[in-house]
Amino acid sequence: MPESPAGPVRVAVVGTGSVGATFAYALLFSGLGAEIVLINRDRDKAEGEAMDLTHAVPFTYPTRIWAGDYPDCAGAAITVLTAGAAQGDNDSRLDLVEKNGAIFQEIVPEVVRHNPDGILLVATNPVDALAYAAWRLSGLPPERVIGSGTILDTARFRALLGEHFRVDPNSIYADIIGEHGDSEVPVWSRASIAGMSLPAYCAAHGMTHDEAALAEIFRHTRDAAKEVVERKGATYYAVAAGMMRIVEAILRDQRTVLPVSSLVQDYHGIDDIYLSLPCVVGRKGIEQVIRLDLGDDELEGLHRSAAILKEATAKLDLG
Ligand code: NAD
């Protein structure tokens, strides 16, 4: 079924574990999807989630939700990929590359066979390597294959900076770029409140620019997944909210600047790799990868991320 601007907006979710189900719940409450199809290897799990979500429809928006199979991806504006093993207490995200890469070899060709026109949004970890795999395995143009990337890390960073500076996180501009993982890079040189750099903001408001406290904020940002997993076993609310933000920017053609993982080509020697930079996200997917002007140490950090991701990507069997 070709995409029809007049038809109901369909969103497919492949992998209905904690992240996929929470995303579907957030999507239902947004009213942005008229049809939500849930696909899972464990069919009962998808059916149970579809039933439970359908029971919430009277409190939300008219939405058709069902447990389906790959042919139901046809016509979906966006297919969200969250299938795969999650990170355990002692795993790094990169430990999952081969296991989840094999799952993507199964599911990505099935999705695009039935839906060559939609957008793929990948959240499965390691998200940068798997978004790259999804791009290569799908044969889709890179603007239509997006990884959630550091949208989550950036949200964590802004939430903690908001507490530190006692302002709404939405009033803070500060990005995390690079790998969604241990080598991610905080872009301190561009961080601002009301257009003022953080040191200038502090100087103007009688605050100390406490570099040790800010370094600690970054450490908690980078290690947040481990800190949450140690306590509750998994993370899903914030990532689902971040995925919703990407989906909203696409479906409403908002052209919002979001830090997401996309194909980076010819950027300061970084090439043919998925990692996060701020991107303009709209109806076509990645409308623009922003060529950030970075400080030397930030660029060095980004190169480190790119090297780690090249190595991870090389472990994928992409045929
Ligand atoms: P989960 O174990 O709760 O759910 C995964 C689901 O995938 C399971 O229900 C499983 O049945 C299903 N699945 C496995 N193989 C499948 C296949 N071949 N086809 C269809 N379904 C299949 O895990 P979760 O907590 O929901 O995490 C899912 C993924 O999201 C993990 O890789 C996790 O690391 C990742 N994650 C990413 C972010 C991010 O910021 N990108 C944040 C949190 C979690």
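The structure holds 0 disulfides. This is a predicted model. Cys73 is buried, at a relative accessible area of 0%. Cys202 counts as buried too, at 2% relative accessibility.

| Residue | Relative accessible area | State |
|---|---|---|
| Cys73 | 0% | buried |
| Cys202 | 2% | buried |

Next, the domains. The chain is divided into domain 1, residues 10–147, and domain 2, residues 151–313. Their centres, taken over C-alpha atoms, lie 23 Å apart. How many residues of domain 1 are in contact with domain 2? The count is 36 residues of domain 1, against 39 residues of domain 2. The size of an interface is often given as the accessible area lost when the parts come together. Domain 1 and domain 2 bury about 3200 Å² between them. Carbon and sulfur atoms carry 72% of that area.

Now helix α3. This helix runs over residues 97–114 and has 18 residues. From its first C-alpha to its last, α3 reaches 25 Å. That is close to the 26 Å expected at 1.5 Å a residue. Where is the kink in α3 centred? The kink is centred on Phe104 and amounts to about 30 degrees.

Phe104 is also one of the buried residues of α3.

Notes. Residues are numbered from 1 along each chain as its sequence is written. This is a predicted model: local features need pLDDT of at least 70, side-chain atom pairs count only at pLDDT 80 or more; totals for chains, interfaces and linings use all residues. Side-chain values use heavy atoms; hydrogens and water are left out. A disulfide is a pair of cysteine sulfur atoms within 2.5 Å. Buried means under 20% relative accessible area, exposed over 50%, partly exposed in between (1.4 Å probe, protein chains only). Helices (H or I, at least four residues) and strands (E, at least two) are DSSP runs, numbered from the N terminus. The expected span of a helix is 1.5 Å times one less than its number of residues. The bend at a residue is the angle between axes fitted to the seven residues ending there and the seven starting there. Domain bounds come from an automatic or database domain assignment. Contact means heavy atoms within 4.5 Å. Buried area is the accessible area (1.4 Å probe) that two parts lose on being put together, summed over both.
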